[in-house]
Amino acid sequence: MSEIKVIITGTPGAGKTTAIAAISEVPPVRTDTATTDELADVKSETTVAMDFGELTLEDGQKVFLYGTPGQQRFEFMWKILVQGGLGLIVLVDCTRADPIADMGMYLDNFADFVAETGAVIGLVKRDVNDTPAVDDFYQALSQRGLMFPVLEVDVREQGDVSLMIEALVSLLEFA
Amino acid sequence: MKYLSSIGLSAKDETVLKSLIDLLGARTSEEWIYRDDVMVDALLLDFDNSEAVAAWNTKPESVRRNTIAYSSEIPGISFARRLAKPLRAADLIAVLKDIEENPGKADKAPASSTPPPSTQAPSEISTLAECVARHSEGLLRLTFGDREVVLDRQRRCFSTSESGESLAALLAHPFQEFQVTRGADVNLPPDGSIKWLDQKALLWLVGQSGSHGRLIDGLEQGGLFRITRWPGFGLVRPSQTVLTLCSMLTRKNAMSIEEIRSVSGVPEFDIIAFINAASLTGILVAQSGDAAKPDKPAAKPELPTERKGLFAKIRSRLANTRA
Amino acid sequence: MSQVRISESGAQFCQSVFDDMMSQCDAVYGVLISTVDGHDVVRSFKQDMPAPKLAAMMSSVLALGETIAVEADQQQCRYVIVENSNGYILTLRLKEKLVLSVIARANANLGMLHSISRSAVEKLDEKLR
């Protein structure tokens, strides 16, 4: 029985590790280490290899959830982790300077994978004033010739993480 | 053999119902069994339980068919079959016999109803979705007993006495059961005492809950539809049916209701609710069916059965986490 | 950019430790100190290699090694060794937030590599703050 992989990527601090922890049936495997750069102002630890969680389907088949490191210097891990993946979830931290450019960076780097599969964009930390509207993200996607769901989510909520995966599955089946 | 299930009954009512079913014996033509793990032939809905009505409202038409509205007052007039509380054997037998004899008997606002063509003059308002669609300016107050919703089109916001699921349940009531007040007749309390929310959340719910199988005026039954983006779901978590429709309608090429129905298996009733909701929230692109025919796209290749099965299993697993 | 900074004298000390390692084992052709989150700090390479990329990869591989050890109910991962047809890459933790990586050709003796790497870590550990 083949294993199924869902990949969660996105900006450092967006909550990839939290999202996996929120929905995984097993305590997530983490590769967090101390942050030594400017990210230390935001969080004390960062993922440097991958996060890993799992879900079990009714017949025992597993869905593996892989969280990537967020920083572009770990691009090599992105390429490793997407191999055989079902689809991509991109978490975008809307408190950062240019969230739309952040989304674009991940879509560029995962372009081949996303073209073969599909992606869901999860916007997190929306409770700030001067952040782009959801429509601005759709416009940016449209300029790339893409139409993916853009969902405002709280990755601490199991239901929101579940919604992103369900949206991804619907997209893969019906879009 | 026929199966009956229920939604939202109190523990006591459910026990009584199961006992009555066990005792029916030969008093109905067919043997009835209470089951909630199979496709049922009849569904008893506690209409006084707003959460149950909201849950029922998100279920596909195939589940909702032959719903019996069970209430202490006169239930929604859109229900063809009703039972008054408390549950009595004679009433239950009568309604089950009716289902045996007329399994397809439609409610007053059934999925199969044909909306008036858009070329005609605007029809009388028959659904909440139509009412809200036509009210494009100023204030609109919808009152249902001591529950209410106020929509301010000017300021693009709304306020309500209800929370998410309960608001969805409220909006599912037939339009005729609401008291409607418009414009200057809507008296608002001082502004500081009202919590206003973005109107899109309400407009989406009005379309989803208040369409009753009828497209709002201006949308053609034979038209082609697509959406420009996924909706913001706002107050109520989207059902799997809604996610399916989002995916299908964001395809590059617009689709007809019939195409959507045949590819997705989603009942027309739910497709119309989605299209109305998309129209009300301004994300719908509608084309005339005739004009678009030359550009009709090739059908998307069918997914392998194994793949579909996998997706179904993932959905089933995740449904538990979203409950 | 990492906020971990090594003073000029600290960098000189590191270079002297690297030189010692290369003289004790001439199969060693690269030594790199990087941060646990993947930034390169100081290095001595006898051939051209992409230090920033290696720094990130070393942090991943060491983190994976340490995580795998825990999953397998083993404690205190000392080294992660990548053994290849034409060489070895040995990675170990240095102080709390640094990683030492040693890159050597296949003619290196693995025991020797362990020894000089461990000894280098001890020296660096003592000197670096």
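Biologist: What should I know about the model and its numbering before we start?

Modeller: This is a predicted model, in which local features need pLDDT of at least 70 and side-chain atom pairs count only at pLDDT 80 or more, while totals for chains, interfaces and linings use all residues. Residues are numbered from 1 along each chain as its sequence is written, chains are lettered from A and ligands numbered from 1 in the order in which they are written, and side-chain values use heavy atoms, with hydrogens and water left out.

Biologist: What makes B:Arg229 and A:Asp135 a salt bridge?

Modeller: The rule asks for a side-chain nitrogen of Lys or Arg within 4 Å of a carboxyl oxygen of Asp or Glu. The closest N and O atoms of B:Arg229 and A:Asp135 are 2.8 Å apart, so the pair meets the rule.

Biologist: Which elements of chain B give two or more residues to the side that touches chain A?

Modeller: They are helix H8 (240–249), helix H9 (257–264) and helix H12 (305–322) of chain B. Helices (H or I, at least four residues) and strands (E, at least two) are DSSP runs, numbered from the N terminus. H12(B) gives the most, with 12 residues. By class, that side of chain B has 12 nonpolar, 8 polar and 12 charged residues. Here Ala, Val, Leu, Ile, Met, Phe, Trp, Tyr, Cys and Pro count as nonpolar, Asp, Glu, Lys and Arg as charged, and the others, Gly among them, as polar.

Biologist: How do you know how many residues of chain B are in contact with chain A?

Modeller: Contact means heavy atoms within 4.5 Å. With that cut-off, 32 residues of chain B are in contact with 33 residues of chain A.

Biologist: And what is the area buried between chain B and chain A?

Modeller: The size of an interface is often given as the accessible area lost when the parts come together. Buried area is the accessible area (1.4 Å probe) that two parts lose on being put together, summed over both. Between chain B and chain A the value is about 3,000 Å², of which carbon and sulfur atoms give 60%. B:Trp230, B:Lys313 and B:Arg317 supply 21% of the area that chain B buries against chain A, more than any other three residues.

Biologist: Why is A:Asp93 called buried, and A:Lys125 partly exposed?

Modeller: Buried means under 20% relative accessible area, exposed over 50%, and partly exposed in between (1.4 Å probe, protein chains only). A:Asp93 is at 3%, so A:Asp93 counts as buried. A:Lys125 has 34%, so A:Lys125 is partly exposed. These two also form a salt bridge, with the closest N and O atoms 3.5 Å apart. The pair links distant parts of chain A, 32 residues apart: A:Asp93 is in strand E6 (residues 85–93), and A:Lys125 is in the loop between strand E7 (119–124) and helix H5 (134–143).

Biologist: What makes A:Ser24 buried?

Modeller: A:Ser24 has a relative accessible area of 13%, so A:Ser24 is buried. Its place is in the loop between helix H1 (16–23) and strand E2 (32–34) of chain A. Leaving aside neighbours within four places in sequence, A:Ser24 is in contact with A:Gly53 and A:Glu54. The backbone nitrogen of A:Glu54 lies 3.1 Å from a polar atom of the side chain of A:Ser24.

Biologist: How many helices and strands does chain B have?

Modeller: The secondary structure of chain B comes to 12 helices and 13 strands. Buried residues make up 51% of its 323 residues.

Note on methods. Polar contact = N/O pair within 3.5 Å; in protein donor to acceptor, adjacent residues only side chain to side chain.
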